[in-house]
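Hi there,

Here is the structure I promised to pass on. Have a look at it first, and my notes follow below.

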Amino acid sequence: MTEKCGVVGVSLDGRDAARPLYYALYALQHRGQESAGIVTHDGFQQHSHVEMGLVGDAFGEDDLETLNGAAGIGHVRYPTAGSVDSSCAQPFSVSFKSGSLGLSHNGNLVNADEIREELAAAGHAFTSDGDTEVIAHDLARNLLEEDLVRAVKRTMGRIHGSYSLTISHDDTVLGVRDPQGNRPLCIGELEDGYILASESAAIDTLDGELVRDVRPGELVVLQDDGQGFDTYQLVEQEHTAHCFFEHVYFARPDSVIDDTLVYEARRELGRKLWEESGVETDVVMPVPDSGRAFASGYADAASETTADGEPRDVEDEGVEFAEGLMKNRYVGRTFIMPTQDERERAVRLKLNPIKSTIEGKTVTVIDDSIVRGTTSTQLVQLLKDCGAEEVHVRIGAPAIVAPCYMGIDMATREELIAADKSVDEIRDEISADSLAYLSTDAVADVLEKDRIDLCLGCVTGEYPYDIEGEETDRDVNRPDVGGAELPADD
Ligand code: SF4
(Lines give C-alpha, C1' and ligand atoms only; values in the text may rest on other atoms or scores of the structure.)
Protein backbone atom coordinates (compact mmCIF):
# COMPACT_ATOMS: atom_id res chain seq x y z
CA MET A 1 0.00 0.00 0.00
CA THR A 2 1.26 3.44 -0.74
CA GLU A 3 0.06 6.84 0.35
CA LYS A 4 -0.69 9.15 -2.49
CA CYS A 5 0.82 12.44 -1.44
CA GLY A 6 2.24 14.86 1.06
CA VAL A 7 1.50 18.58 0.98
CA VAL A 8 3.03 21.64 2.59
CA GLY A 9 2.65 25.43 2.46
CA VAL A 10 4.56 28.23 4.22
CA SER A 11 4.35 31.98 4.59
CA LEU A 12 7.35 33.70 6.14
CA ASP A 13 8.30 37.20 7.24
CA GLY A 14 10.63 38.28 4.44
CA ARG A 15 12.77 35.11 4.15
CA ASP A 16 12.58 32.91 1.04
CA ALA A 17 10.24 29.96 1.53
CA ALA A 18 12.00 27.55 -0.86
CA ARG A 19 14.48 26.04 1.56
CA PRO A 20 12.00 25.41 4.42
CA LEU A 21 9.62 23.87 1.86
CA TYR A 22 12.44 21.65 0.58
CA TYR A 23 13.25 20.39 4.10
CA ALA A 24 9.56 19.87 4.85
CA LEU A 25 9.24 17.76 1.70
CA TYR A 26 12.14 15.64 2.91
CA ALA A 27 10.18 15.01 6.10
CA LEU A 28 7.15 13.98 4.02
CA GLN A 29 9.06 11.81 1.54
CA HIS A 30 7.42 8.60 2.88
CA ARG A 31 4.09 9.93 1.52
CA GLY A 32 5.24 9.95 -2.11
CA GLN A 33 8.37 9.06 -4.04
CA GLU A 34 7.28 9.55 -7.63
CA SER A 35 7.70 13.32 -7.98
CA ALA A 36 8.44 16.41 -5.92
CA GLY A 37 7.73 20.07 -6.51
CA ILE A 38 7.70 23.58 -5.07
CA VAL A 39 5.83 26.69 -6.20
CA THR A 40 6.68 30.08 -4.70
CA HIS A 41 5.50 33.63 -5.27
CA ASP A 42 7.65 36.73 -4.72
CA GLY A 43 4.82 39.30 -4.78
CA PHE A 44 5.19 39.88 -8.51
CA GLN A 45 5.41 36.50 -10.13
CA GLN A 46 5.08 32.79 -9.48
CA HIS A 47 8.06 30.40 -9.66
CA SER A 48 7.79 26.67 -10.05
CA HIS A 49 10.08 23.66 -10.05
CA VAL A 50 8.55 20.19 -10.32
CA GLU A 51 10.50 17.03 -11.17
CA MET A 52 9.98 13.32 -11.24
CA GLY A 53 11.95 11.47 -8.54
CA LEU A 54 12.82 11.80 -4.87
CA VAL A 55 13.15 15.21 -3.19
CA GLY A 56 16.93 14.90 -3.02
CA ASP A 57 17.13 14.22 -6.75
CA ALA A 58 14.44 16.67 -7.84
CA PHE A 59 16.12 19.84 -6.49
CA GLY A 60 19.62 21.20 -6.90
CA GLU A 61 21.04 24.32 -5.29
CA ASP A 62 20.36 26.28 -8.53
CA ASP A 63 16.69 25.26 -8.49
CA LEU A 64 16.22 26.49 -4.93
CA GLU A 65 17.92 29.80 -5.81
CA THR A 66 15.38 30.51 -8.55
CA LEU A 67 12.39 29.82 -6.28
CA ASN A 68 12.10 33.35 -4.92
CA GLY A 69 9.49 34.62 -2.52
CA ALA A 70 8.47 34.31 1.12
CA ALA A 71 5.32 32.30 0.33
CA GLY A 72 4.98 28.95 -1.35
CA ILE A 73 3.68 25.42 -1.38
CA GLY A 74 5.22 22.00 -1.99
CA HIS A 75 4.22 18.47 -2.83
CA VAL A 76 5.49 14.91 -2.96
CA ARG A 77 3.46 12.51 -5.01
CA TYR A 78 2.80 8.85 -5.56
CA PRO A 79 0.26 8.70 -8.36
CA THR A 80 -3.08 6.93 -7.98
CA ALA A 81 -5.33 9.20 -10.07
CA GLY A 82 -3.95 10.53 -13.33
CA SER A 83 -0.99 9.39 -15.37
CA VAL A 84 2.40 8.36 -14.02
CA ASP A 85 4.24 11.19 -15.74
CA SER A 86 5.23 14.77 -15.21
CA SER A 87 1.89 16.16 -16.45
CA CYS A 88 0.36 15.08 -13.13
CA ALA A 89 3.32 15.93 -10.91
CA GLN A 90 2.51 18.71 -8.44
CA PRO A 91 2.10 21.44 -7.30
CA PHE A 92 -0.13 22.18 -10.25
CA SER A 93 0.49 25.81 -11.21
CA VAL A 94 -1.23 28.08 -13.63
CA SER A 95 -1.94 31.75 -14.25
CA PHE A 96 -5.51 32.86 -14.86
CA LYS A 97 -7.16 36.23 -15.27
CA SER A 98 -7.93 35.94 -11.56
CA GLY A 99 -4.22 35.65 -10.65
CA SER A 100 -1.70 32.84 -10.36
CA LEU A 101 -2.60 29.65 -8.59
CA GLY A 102 -0.58 26.75 -7.23
CA LEU A 103 -2.26 23.64 -5.88
CA SER A 104 -0.98 20.65 -3.89
CA HIS A 105 -3.52 17.90 -3.25
CA ASN A 106 -3.53 14.86 -0.99
CA GLY A 107 -6.57 12.65 -1.47
CA ASN A 108 -8.84 11.76 -4.32
CA LEU A 109 -12.03 13.30 -5.66
CA VAL A 110 -14.79 10.89 -6.66
CA ASN A 111 -16.63 13.37 -8.91
CA ALA A 112 -13.67 14.95 -10.76
CA ASP A 113 -14.78 13.60 -14.16
CA GLU A 114 -18.21 15.25 -13.92
CA ILE A 115 -16.70 18.64 -13.03
CA ARG A 116 -14.03 18.31 -15.71
CA GLU A 117 -16.69 17.59 -18.36
CA GLU A 118 -18.73 20.58 -17.26
CA LEU A 119 -15.74 22.95 -17.23
CA ALA A 120 -14.45 21.61 -20.56
CA ALA A 121 -17.88 22.26 -22.07
CA ALA A 122 -17.62 25.83 -20.76
CA GLY A 123 -14.27 26.30 -22.55
CA HIS A 124 -11.65 25.27 -19.97
CA ALA A 125 -8.67 23.45 -21.53
CA PHE A 126 -7.05 20.73 -19.41
CA THR A 127 -3.43 19.65 -19.67
CA SER A 128 -3.58 16.55 -17.46
CA ASP A 129 -6.04 13.85 -16.45
CA GLY A 130 -5.51 14.44 -12.72
CA ASP A 131 -8.19 15.66 -10.31
CA THR A 132 -6.01 18.48 -8.95
CA GLU A 133 -6.25 20.42 -12.21
CA VAL A 134 -10.03 20.14 -11.96
CA ILE A 135 -9.93 21.86 -8.56
CA ALA A 136 -7.57 24.55 -9.93
CA HIS A 137 -9.87 25.35 -12.87
CA ASP A 138 -12.97 25.39 -10.72
CA LEU A 139 -11.33 27.70 -8.22
CA ALA A 140 -9.97 29.99 -10.95
CA ARG A 141 -13.44 30.29 -12.44
CA ASN A 142 -14.94 31.15 -9.07
CA LEU A 143 -12.21 33.71 -8.38
CA LEU A 144 -13.44 35.72 -11.37
CA GLU A 145 -16.67 36.39 -9.50
CA GLU A 146 -15.85 36.00 -5.81
CA ASP A 147 -13.28 36.92 -3.22
CA LEU A 148 -10.85 34.19 -2.19
CA VAL A 149 -12.84 32.83 0.75
CA ARG A 150 -16.14 32.67 -1.12
CA ALA A 151 -14.45 31.18 -4.17
CA VAL A 152 -12.97 28.35 -2.07
CA LYS A 153 -16.35 27.80 -0.41
CA ARG A 154 -18.03 27.53 -3.77
CA THR A 155 -15.50 25.00 -5.03
CA MET A 156 -15.88 22.99 -1.82
CA GLY A 157 -19.60 22.86 -2.50
CA ARG A 158 -18.94 21.21 -5.85
CA ILE A 159 -16.11 18.74 -5.27
CA HIS A 160 -16.86 15.44 -3.56
CA GLY A 161 -14.22 13.18 -2.07
CA SER A 162 -11.11 13.32 -0.03
CA TYR A 163 -8.82 16.34 -0.08
CA SER A 164 -6.25 18.11 1.99
CA LEU A 165 -4.99 21.01 -0.09
CA THR A 166 -2.32 23.64 0.18
CA ILE A 167 -2.96 26.44 -2.29
CA SER A 168 -1.06 29.55 -3.29
CA HIS A 169 -3.06 32.38 -4.78
CA ASP A 170 -0.41 34.93 -5.77
CA ASP A 171 1.56 35.35 -2.54
CA THR A 172 -1.21 34.16 -0.23
CA VAL A 173 -0.95 30.59 1.06
CA LEU A 174 -4.00 28.70 2.23
CA GLY A 175 -4.91 25.22 3.43
CA VAL A 176 -8.22 23.38 3.12
CA ARG A 177 -9.34 20.04 4.54
CA ASP A 178 -12.39 18.28 3.15
CA PRO A 179 -15.57 18.46 5.25
CA GLN A 180 -15.00 14.94 6.61
CA GLY A 181 -11.27 15.45 7.23
CA ASN A 182 -10.30 12.23 5.50
CA ARG A 183 -6.61 13.03 5.04
CA PRO A 184 -4.55 14.87 7.65
CA LEU A 185 -3.43 18.51 7.55
CA CYS A 186 -1.99 20.54 10.40
CA ILE A 187 -0.81 24.08 11.18
CA GLY A 188 2.54 24.90 12.73
CA GLU A 189 4.27 28.03 13.95
CA LEU A 190 7.83 28.73 12.82
CA GLU A 191 10.25 31.30 14.17
CA ASP A 192 9.32 33.74 11.43
CA GLY A 193 6.08 32.46 9.96
CA TYR A 194 3.50 29.70 9.71
CA ILE A 195 3.34 26.34 7.97
CA LEU A 196 0.61 23.97 6.81
CA ALA A 197 1.66 20.33 6.38
CA SER A 198 0.27 16.82 5.98
CA GLU A 199 2.11 15.71 9.10
CA SER A 200 3.59 17.39 12.14
CA ALA A 201 6.97 15.71 11.47
CA ALA A 202 7.48 18.36 8.77
CA ILE A 203 6.94 21.10 11.38
CA ASP A 204 9.40 19.42 13.77
CA THR A 205 12.00 19.30 11.01
CA LEU A 206 11.84 23.10 10.78
CA ASP A 207 12.06 23.51 14.58
CA GLY A 208 8.47 24.71 14.60
CA GLU A 209 5.61 24.10 17.04
CA LEU A 210 2.48 22.20 16.11
CA VAL A 211 -0.46 24.58 16.63
CA ARG A 212 -3.32 22.19 15.80
CA ASP A 213 -4.94 20.14 13.05
CA VAL A 214 -6.85 21.99 10.35
CA ARG A 215 -10.50 21.18 11.13
CA PRO A 216 -12.60 19.26 8.63
CA GLY A 217 -14.30 21.80 6.35
CA GLU A 218 -12.00 24.61 7.49
CA LEU A 219 -10.06 27.08 5.34
CA VAL A 220 -6.88 28.47 6.89
CA VAL A 221 -5.32 31.52 5.25
CA LEU A 222 -1.73 32.28 6.29
CA GLN A 223 -1.09 36.01 6.69
CA ASP A 224 1.33 37.41 4.10
CA ASP A 225 3.70 38.83 6.73
CA GLY A 226 4.12 35.47 8.50
CA GLN A 227 2.51 36.89 11.65
CA GLY A 228 -0.49 34.59 11.95
CA PHE A 229 -3.38 32.97 10.17
CA ASP A 230 -7.08 33.57 9.60
CA THR A 231 -9.57 30.77 9.75
CA TYR A 232 -12.99 30.19 8.17
CA GLN A 233 -15.21 27.21 8.93
CA LEU A 234 -16.70 26.96 5.44
CA VAL A 235 -18.55 23.65 5.68
CA GLU A 236 -19.94 21.88 8.73
CA GLN A 237 -20.61 18.18 8.62
CA GLU A 238 -22.09 16.06 11.38
CA HIS A 239 -19.46 13.32 11.18
CA THR A 240 -15.81 13.14 10.25
CA ALA A 241 -14.26 10.33 8.19
CA HIS A 242 -10.62 10.30 9.27
CA CYS A 243 -8.63 7.59 7.50
CA PHE A 244 -7.77 5.16 10.31
CA PHE A 245 -4.94 3.74 8.20
CA GLU A 246 -2.99 6.97 8.64
CA HIS A 247 -2.51 5.94 12.27
CA VAL A 248 -1.93 2.28 11.49
CA TYR A 249 0.31 2.44 8.47
CA PHE A 250 0.91 5.60 6.47
CA ALA A 251 1.94 8.38 8.80
CA ARG A 252 5.35 8.63 10.41
CA PRO A 253 5.30 7.26 13.98
CA ASP A 254 6.70 10.59 15.23
CA SER A 255 3.80 12.58 13.78
CA VAL A 256 0.82 13.77 15.83
CA ILE A 257 -2.47 13.38 13.97
CA ASP A 258 -5.80 14.46 15.43
CA ASP A 259 -4.08 15.00 18.80
CA THR A 260 -2.62 11.48 18.91
CA LEU A 261 1.05 10.58 18.59
CA VAL A 262 1.03 7.93 15.89
CA TYR A 263 3.66 5.80 17.69
CA GLU A 264 1.58 5.70 20.88
CA ALA A 265 -1.59 4.85 18.91
CA ARG A 266 0.24 1.92 17.32
CA ARG A 267 1.52 0.68 20.68
CA GLU A 268 -2.00 0.93 22.10
CA LEU A 269 -3.38 -1.00 19.11
CA GLY A 270 -0.75 -3.65 19.89
CA ARG A 271 -1.98 -3.85 23.49
CA LYS A 272 -5.55 -4.30 22.27
CA LEU A 273 -4.35 -7.04 19.94
CA TRP A 274 -3.00 -8.95 22.92
CA GLU A 275 -6.26 -8.41 24.83
CA GLU A 276 -8.37 -9.60 21.90
CA SER A 277 -6.32 -12.48 20.54
CA GLY A 278 -3.12 -12.97 22.56
CA VAL A 279 -1.51 -16.41 22.35
CA GLU A 280 1.19 -17.64 24.74
CA THR A 281 4.39 -18.16 22.76
CA ASP A 282 8.11 -18.05 23.57
CA VAL A 283 8.88 -15.01 21.46
CA VAL A 284 7.05 -11.99 20.01
CA MET A 285 8.72 -10.30 17.09
CA PRO A 286 7.77 -7.46 14.74
CA VAL A 287 7.94 -7.44 11.00
CA PRO A 288 10.37 -4.53 10.66
CA ASP A 289 9.68 -1.67 10.54
CA SER A 290 5.91 -1.71 10.07
CA GLY A 291 5.08 -4.04 12.97
CA ARG A 292 7.52 -2.66 15.54
CA ALA A 293 5.28 -0.31 17.57
CA PHE A 294 2.41 -2.85 17.54
CA ALA A 295 4.73 -5.63 18.72
CA SER A 296 6.14 -3.48 21.50
CA GLY A 297 2.62 -2.71 22.81
CA TYR A 298 1.58 -6.34 22.40
CA ALA A 299 4.64 -7.60 24.32
CA ASP A 300 4.12 -5.02 27.09
CA ALA A 301 0.51 -6.13 27.56
CA ALA A 302 1.63 -9.76 27.42
CA SER A 303 4.09 -9.16 30.26
CA GLU A 304 1.25 -7.87 32.46
CA THR A 305 -1.54 -10.36 31.81
CA THR A 306 -1.85 -13.89 30.47
CA ALA A 307 -3.63 -14.63 27.21
CA ASP A 308 -6.72 -15.37 29.36
CA GLY A 309 -6.59 -11.86 30.79
CA GLU A 310 -5.36 -12.91 34.24
CA PRO A 311 -2.57 -10.94 35.98
CA ARG A 312 0.73 -12.79 35.64
CA ASP A 313 2.41 -14.43 38.63
CA VAL A 314 5.63 -12.72 39.70
CA GLU A 315 7.76 -15.70 38.61
CA ASP A 316 5.99 -15.90 35.20
CA GLU A 317 8.27 -14.06 32.80
CA GLY A 318 5.62 -13.94 30.12
CA VAL A 319 6.53 -13.49 26.49
CA GLU A 320 9.97 -12.46 25.29
CA PHE A 321 10.15 -9.53 22.84
CA ALA A 322 12.87 -10.02 20.25
CA GLU A 323 13.99 -8.52 16.96
CA GLY A 324 14.18 -11.78 15.07
CA LEU A 325 13.99 -10.37 11.58
CA MET A 326 16.50 -7.98 10.11
CA LYS A 327 15.54 -5.72 7.27
CA ASN A 328 17.71 -4.95 4.30
CA ARG A 329 17.00 -1.23 3.94
CA TYR A 330 18.28 -1.02 0.42
CA VAL A 331 15.56 -3.12 -1.17
CA GLY A 332 12.61 -1.23 -2.68
CA ARG A 333 8.94 -1.77 -1.92
CA THR A 334 7.62 -5.19 -2.86
CA PHE A 335 4.70 -3.51 -4.59
CA ILE A 336 6.72 -2.18 -7.47
CA MET A 337 7.77 -5.72 -8.43
CA PRO A 338 5.49 -6.41 -11.38
CA THR A 339 5.19 -10.20 -11.26
CA GLN A 340 4.18 -12.50 -8.42
CA ASP A 341 7.43 -14.43 -8.81
CA GLU A 342 9.51 -11.28 -8.40
CA ARG A 343 7.44 -10.21 -5.39
CA GLU A 344 8.07 -13.56 -3.72
CA ARG A 345 11.80 -13.25 -4.19
CA ALA A 346 11.72 -9.67 -2.90
CA VAL A 347 10.51 -10.84 0.51
CA ARG A 348 13.60 -13.06 0.87
CA LEU A 349 15.79 -10.17 -0.17
CA LYS A 350 14.14 -7.84 2.27
CA LEU A 351 14.09 -9.84 5.52
CA ASN A 352 16.78 -12.00 7.08
CA PRO A 353 15.95 -14.00 10.21
CA ILE A 354 18.21 -14.29 13.27
CA LYS A 355 18.17 -18.03 13.69
CA SER A 356 19.09 -18.17 17.39
CA THR A 357 15.96 -16.20 18.41
CA ILE A 358 13.70 -18.53 16.40
CA GLU A 359 15.04 -22.10 16.42
CA GLY A 360 13.04 -24.49 18.56
CA LYS A 361 10.67 -21.75 19.74
CA THR A 362 7.01 -20.87 19.36
CA VAL A 363 6.88 -17.48 17.69
CA THR A 364 4.28 -14.69 17.33
CA VAL A 365 5.05 -12.38 14.46
CA ILE A 366 3.27 -9.02 14.28
CA ASP A 367 2.59 -6.77 11.32
CA ASP A 368 0.22 -3.93 10.47
CA SER A 369 -1.59 -5.47 7.50
CA ILE A 370 -1.88 -8.32 5.04
CA VAL A 371 -2.60 -7.12 1.50
CA ARG A 372 -2.10 -9.91 -1.04
CA GLY A 373 -0.72 -12.43 1.46
CA THR A 374 2.52 -12.92 -0.44
CA THR A 375 4.76 -11.43 2.24
CA SER A 376 3.03 -13.29 5.08
CA THR A 377 3.28 -16.65 3.31
CA GLN A 378 6.98 -16.14 2.68
CA LEU A 379 7.54 -14.92 6.19
CA VAL A 380 5.89 -17.90 7.87
CA GLN A 381 7.91 -20.22 5.63
CA LEU A 382 11.08 -18.34 6.47
CA LEU A 383 10.48 -18.70 10.20
CA LYS A 384 9.64 -22.39 9.87
CA ASP A 385 12.78 -22.94 7.79
CA CYS A 386 14.70 -21.41 10.68
CA GLY A 387 13.30 -24.03 13.05
CA ALA A 388 10.30 -22.23 14.60
CA GLU A 389 8.03 -24.84 16.18
CA GLU A 390 4.89 -22.77 15.74
CA VAL A 391 4.27 -19.46 13.95
CA HIS A 392 1.32 -17.31 15.02
CA VAL A 393 0.50 -14.19 13.02
CA ARG A 394 -1.17 -11.15 14.57
CA ILE A 395 -2.20 -8.06 12.61
CA GLY A 396 -2.63 -4.64 14.26
CA ALA A 397 -5.58 -3.67 12.03
CA PRO A 398 -8.77 -5.26 10.69
CA ALA A 399 -8.57 -7.32 7.49
CA ILE A 400 -8.51 -5.29 4.25
CA VAL A 401 -11.49 -6.48 2.24
CA ALA A 402 -12.02 -3.66 -0.28
CA PRO A 403 -10.02 -1.07 -2.21
CA CYS A 404 -9.49 2.56 -1.25
CA TYR A 405 -10.91 5.32 -3.47
CA MET A 406 -9.57 8.15 -1.34
CA GLY A 407 -5.99 8.30 -2.47
CA ILE A 408 -4.33 5.13 -1.23
CA ASP A 409 -2.86 2.78 -3.79
CA MET A 410 -3.98 -0.48 -2.27
CA ALA A 411 -4.44 -3.24 -4.88
CA THR A 412 -7.70 -4.27 -6.48
CA ARG A 413 -10.44 -6.31 -4.82
CA GLU A 414 -9.30 -9.37 -6.80
CA GLU A 415 -5.78 -9.00 -5.41
CA LEU A 416 -6.80 -8.51 -1.76
CA ILE A 417 -6.51 -11.85 0.01
CA ALA A 418 -9.22 -11.00 2.57
CA ALA A 419 -11.76 -9.84 -0.04
CA ASP A 420 -13.16 -13.34 -0.48
CA LYS A 421 -11.45 -15.46 2.16
CA SER A 422 -12.24 -16.01 5.83
CA VAL A 423 -9.57 -15.59 8.51
CA ASP A 424 -9.25 -19.38 8.76
CA GLU A 425 -8.80 -19.69 5.00
CA ILE A 426 -6.10 -17.01 5.04
CA ARG A 427 -4.40 -18.74 7.98
CA ASP A 428 -4.30 -21.94 5.94
CA GLU A 429 -3.08 -20.17 2.85
CA ILE A 430 -0.17 -18.52 4.65
CA SER A 431 0.46 -21.79 6.61
CA ALA A 432 0.40 -20.08 10.02
CA ASP A 433 -0.58 -21.98 13.18
CA SER A 434 -2.99 -19.18 14.02
CA LEU A 435 -3.97 -15.80 12.61
CA ALA A 436 -5.92 -12.92 14.14
CA TYR A 437 -6.69 -9.35 13.13
CA LEU A 438 -7.69 -6.44 15.35
CA SER A 439 -11.40 -5.57 15.48
CA THR A 440 -12.78 -2.29 14.09
CA ASP A 441 -14.19 -1.53 17.57
CA ALA A 442 -10.70 -1.76 19.05
CA VAL A 443 -9.43 0.72 16.43
CA ALA A 444 -12.22 3.19 17.23
CA ASP A 445 -11.56 2.71 20.93
CA VAL A 446 -7.85 3.43 20.67
CA LEU A 447 -8.34 6.45 18.42
CA GLU A 448 -11.06 7.66 20.82
CA LYS A 449 -13.57 8.11 18.01
CA ASP A 450 -17.00 6.77 17.26
CA ARG A 451 -16.84 4.35 14.34
CA ILE A 452 -18.95 6.74 12.26
CA ASP A 453 -16.25 9.42 12.61
CA LEU A 454 -13.65 7.20 10.94
CA CYS A 455 -13.28 6.03 7.38
CA LEU A 456 -13.27 2.24 7.57
CA GLY A 457 -14.07 1.72 3.88
CA CYS A 458 -11.28 -0.71 3.07
CA VAL A 459 -12.03 -2.96 6.05
CA THR A 460 -15.86 -2.85 5.92
CA GLY A 461 -16.58 -2.21 2.20
CA GLU A 462 -18.77 0.77 3.24
CA TYR A 463 -17.44 4.21 2.42
CA PRO A 464 -18.02 7.72 3.75
CA TYR A 465 -18.36 9.12 0.19
CA ASP A 466 -20.82 8.36 -2.59
CA ILE A 467 -18.75 6.12 -4.85
CA GLU A 468 -20.36 4.52 -7.86
CA GLY A 469 -21.04 0.81 -7.33
CA GLU A 470 -20.08 0.88 -3.62
CA GLU A 471 -22.04 1.04 -0.35
CA THR A 472 -21.93 4.04 1.96
CA ASP A 473 -21.97 3.95 5.76
CA ARG A 474 -23.79 7.29 6.24
CA ASP A 475 -26.05 9.86 4.57
CA VAL A 476 -23.91 11.38 1.86
CA ASN A 477 -24.76 14.41 -0.27
CA ARG A 478 -22.93 14.09 -3.54
CA PRO A 479 -23.19 17.46 -5.32
CA ASP A 480 -25.06 17.41 -8.60
CA VAL A 481 -22.63 18.99 -11.06
CA GLY A 482 -23.26 16.95 -14.17
CA GLY A 483 -24.69 19.58 -16.58
CA ALA A 484 -22.72 21.54 -19.16
CA GLU A 485 -24.18 24.78 -17.74
CA LEU A 486 -22.21 26.18 -14.82
CA PRO A 487 -24.38 27.07 -11.83
CA ALA A 488 -25.36 30.62 -11.02
CA ASP A 489 -23.97 32.25 -7.90
CA ASP A 490 -24.90 30.56 -4.56
S1 SF4 B 1 -10.64 3.29 2.53
FE2 SF4 B 1 -9.09 2.69 4.06
S3 SF4 B 1 -7.13 3.56 3.35
FE4 SF4 B 1 -8.80 4.55 2.19
S5 SF4 B 1 -9.24 6.42 3.35
FE6 SF4 B 1 -10.65 4.85 4.08
S7 SF4 B 1 -9.60 3.92 5.83
FE8 SF4 B 1 -8.07 5.08 4.67
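Setting aside neighbours within four places in sequence, D367 touches V287, S290, G291, R394, I395 and G396. Please keep in mind that this is a predicted model. D367 belongs to strand β22, which runs over residues 362-367. With a relative accessible area of 12%, D367 falls under the 20% limit and so counts as buried.

One of those partners, S290, sits in the loop that links β18 (283-286) to α10 (292-304). S290 is partly exposed, at 28% relative accessibility. Its own contacts, again leaving out neighbours within four places in sequence, are D367 and D368.

That trio also turns up in the annotation: an unreviewed UniProt entry lists S290, D367 and D368 under "binding site". These residues span 79 residues in sequence, but no two of their C-alpha atoms lie more than 6.2 Å apart, so they gather at one spot.

The structure has five cavities of 30 Å³ or more, and the largest cavity has a volume of about 90 Å³. Its lining is made up of 15 residues, of which C243, C404, I408, C455 and C458 are the closest to the centre. Helices α8 (244-250) and α15 (457-460) are the elements that each give two or more residues to this lining. By class, the lining of the largest cavity comprises twelve nonpolar, two polar and one charged residues.

Enjoy looking around, and write back with any questions.

Best wishes

Definitions and conventions. Residues numbered from 1 in each chain as written. Predicted model: local features only at pLDDT ≥ 70, side-chain atom pairs only at ≥ 80, totals over all residues. Heavy atoms only, no water. UniProt positions renumbered as here; feature names shortened; annotations may be inferred. Helix = DSSP H or I, 4+ residues; strand = E, 2+ residues; numbered from the N terminus. Buried < 20%, exposed > 50% of the residue type's maximum accessible area, 1.4 Å probe, protein only. Contact = heavy atoms within 4.5 Å. 1 Å grid on protein atoms, 1.4 Å probe; cavity = no way out; pocket = protein on both sides within 12 Å on 5 of 7 lines; lining within 4 Å. Points joined across faces, edges and corners; volume = space filled by probe spheres on them. Nonpolar A, V, L, I, M, F, W, Y, C, P; charged D, E, K, R; others polar.
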